[in-house]
Protein chains: 2
Amino acid sequence: MAQVTFWFELASTYSYLSAMRVDKEAEAHGVEVVWQPFLLGPIFREQGWESSPFLAQPAKLQYMWRDIERRCTALGAPFTQPSKELLKIFPCHTVTATRVALVGLQEDWGKAFIQACYQAQYADHQDIGDEAVLATLIERAGIAPEDALEAAKSPKIKAELRANTEEAQACGLFGAPAFTIGDELFWGDDRLEDALDWGKAAS
Amino acid sequence: MAQVTFWFELASTYSYLSAMRVDKEAEAHGVEVVWQPFLLGPIFREQGWESSPFLAQPAKLQYMWRDIERRCTALGAPFTQPSKELLKIFPCHTVTATRVALVGLQEDWGKAFIQACYQAQYADHQDIGDEAVLATLIERAGIAPEDALEAAKSPKIKAELRANTEEAQACGLFGAPAFTIGDELFWGDDRLEDALDWGKAAS
């Protein structure tokens with residue numbers, strides 16, 4: 001079976017769209033998907049940006065929220081136009097949440113936790129950079145938060161996230177979500193179908 | 001009949017994709033399309049960029065050429081990976097070419113000329129900032145280049161292009177192509193279908 005790698009960042013609004021539909025679409029295409037979280041922060045900093053490039057482009061940022069709202073409506077995914085509070089913390093700090101996601105993906109609760117992280121941010125306007133919020137989300141995925149958070153802070157998980165981010169960079173990633181099949185890179189939720197078609201043809 | 005405005009910039013690779021398919025898709029949707037050329041330069045300069053933001057992001061630029069290549073293949077539109085010469089002039093200066101396009105759109109050769117401009121750049125690696133190149137493209141559209149270039153330099157056409165660009169800015173445009181239906185904005189060739197669906201529903 002063909003394998004497509006799904007690269008996502010937990011603070012990325014367009015990654016949210018893909019996280020809500022990638023498994024269903026992949027199944028329809030007969031393609032296997034590997035969920036690979038990484039951090040955009042170090043990649044943005046290499047470009048000279050301190051944070052999301054959206055913040056430097058007010059017109060694009062404003063458009064993005066409306067675009068995401070329309071796409072969430074089409075997908076049936078929850079979304080609420082950002083509150084002033086969310087705008088102040090956007091994009092959330094995702095290092096700890098992403099390490100927790102890595103732990104969860106190695107067990108069986110990763111995807112539920114990841115989807116909960118996106119909805120916490122973009123429907124409920126919660127800060128997933130806050131460990132108390134994370135604990136609630138982990139608990140909702142059916143896991144003891146203390147154990148998951150401890151595992152997330154292990155040297156092994158920290159090294160894995162660093163390695164994922166370095167691999168993303170080596171693959172030429174500059175944003176999220178992205179999809180790779182061998183050397184072929186597709187960027188953006190809009191390229192999900194193309195990536196799956198490519199994966200299917202390559203198998 | 002519903003009306004959708006198609007905003008494009010002659011140096012924009014993704015506008016090329018839309019220019020090659022917008023009329024056919026609009027017809028299939030039963031929606032009327034108004035072709036509205038504008039300049040991205042003044043909008044980019046307002047953001048503090050001297051040129052295309054692609055130039056500041058080498059990984060994204062490299063990806064873009066491959067992405068456009070794949071999409072052109074799917075569309076059956078001519079494309080050749082950029083030569084060193086094209087990379088030196090990308091993005092071309094489009095002020096005169098866009099004024100010519102405005103003249104052509106008020107007659108009956110605008111769309112043929114616009115498509116020729118995109119193919120000259122992205123299949124043949126020609127500089128549409130060069131008036132000799134433009135003259136050839138105008139001639140190929142069946143028009144005397146001298147007349148078209150003279151009309152393009154009239155105060156009326158200059159004012160129209162300025163007004164289009166100001167209107168684009170007022171509509172919140174930050175890139176091209178884009179599509180508007182009333183206050184609703186869609187950005188990117190990937191949103192063409194969504195924009196036409198929106199236009200159809202609004203009619």
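# Notebook: chain A and a few residues of chain B

I began with burial in chain A: buried residues account for 52% of its 203 residues. A reminder to myself is that this is a predicted model.

**Overall build of chain A**

I looked up the secondary structure next and found 10 helices and four strands in chain A. Reading from the N terminus, I noted the order β-α-β-α-α-α-α-α-α-α-α-β-β-α.

Then I asked how the radius of gyration of chain A sits beside that of a compact globule.

**Surface and charge of chain A**

I wrote down an accessible surface of about 9,100 Å² for chain A, with 50% of it belonging to carbon and sulfur atoms. My tally of charged side chains in chain A reads 18 positive and 30 negative. The centres of those two sets lie 5 Å apart.

**Asp67(A)**

Is Asp67(A) buried or exposed? Asp67(A) counts as buried, because its relative accessibility is 2% and the cut-off for buried is under 20%.

Who are its partners? Apart from neighbours within four places in sequence, Asp67(A) is in contact with Tyr14(A) and Arg191(B). With Tyr14(A) there is also a side-chain polar contact, and I read its length as 2.6 Å.

**Tyr63(B)**

My next stop was Tyr63(B), in helix H4 of chain B, residues 58-75. Tyr63(B) is buried, with 6% relative accessibility.

Which residues does Tyr63(B) touch, once those up to four places away in sequence are set aside? From chain A I listed Phe174(A), Leu185(A), Phe186(A), Trp187(A) and Arg191(A); from chain B I listed Arg70(B). I also checked Met20(B), which is 43 residues from Tyr63(B) along the chain, and the two C-alpha atoms are separated by 21 Å.

I found a cis peptide bond from Phe90(A) to Pro91(A), with omega near -10°. Pro91(A) lies in the loop between helix H4 (84-89) and helix H5 (95-106) of chain A. Over in chain B, Ala176(B) and Pro177(B) are joined by a cis peptide bond with omega about 0°. I placed Pro177(B) in the loop between helix H10 (155-170) and strand E3 (178-181) of chain B.

Then came phi. His125(A) is not a glycine, yet its phi is positive, at about 60°. I found His125(A) in the loop between helix H6 (110-122) and helix H7 (131-140) of chain A, and at 19% relative accessibility it counts as buried.

I looked at His125(B) too, and its phi is likewise positive, at about 60°, although it is not a glycine. His125(B) sits in the loop between helix H7 (110-122) and helix H8 (131-140) of chain B. The relative accessibility of His125(B) is 18%, so it counts as buried.

Key
Residues are numbered from 1 along each chain as its sequence is written. Chains are lettered from A and ligands numbered from 1 in the order in which they are written. This is a predicted model: local features need pLDDT of at least 70, side-chain atom pairs count only at pLDDT 80 or more; totals for chains, interfaces and linings use all residues. Side-chain values use heavy atoms; hydrogens and water are left out. Helices (H or I, at least four residues) and strands (E, at least two) are DSSP runs, numbered from the N terminus. Buried means under 20% relative accessible area, exposed over 50%, partly exposed in between (1.4 Å probe, protein chains only). Contact means heavy atoms within 4.5 Å. A polar contact is a pair of N or O atoms within 3.5 Å; within protein, one must be able to donate a hydrogen and the other to accept it, and residues adjacent in sequence count only if both atoms are side-chain atoms. The radius of gyration is taken over C-alpha atoms; the globule rule is 2.2 Å times the number of residues to the power 0.38. Accessible areas come from the Shrake-Rupley method with a 1.4 Å probe; for residues, only the protein chains shown count as cover. Lys and Arg count as positive and Asp and Glu as negative; His and the chain ends are not counted. The place of a charge is taken as NZ of Lys, CZ of Arg, CG of Asp or CD of Glu.
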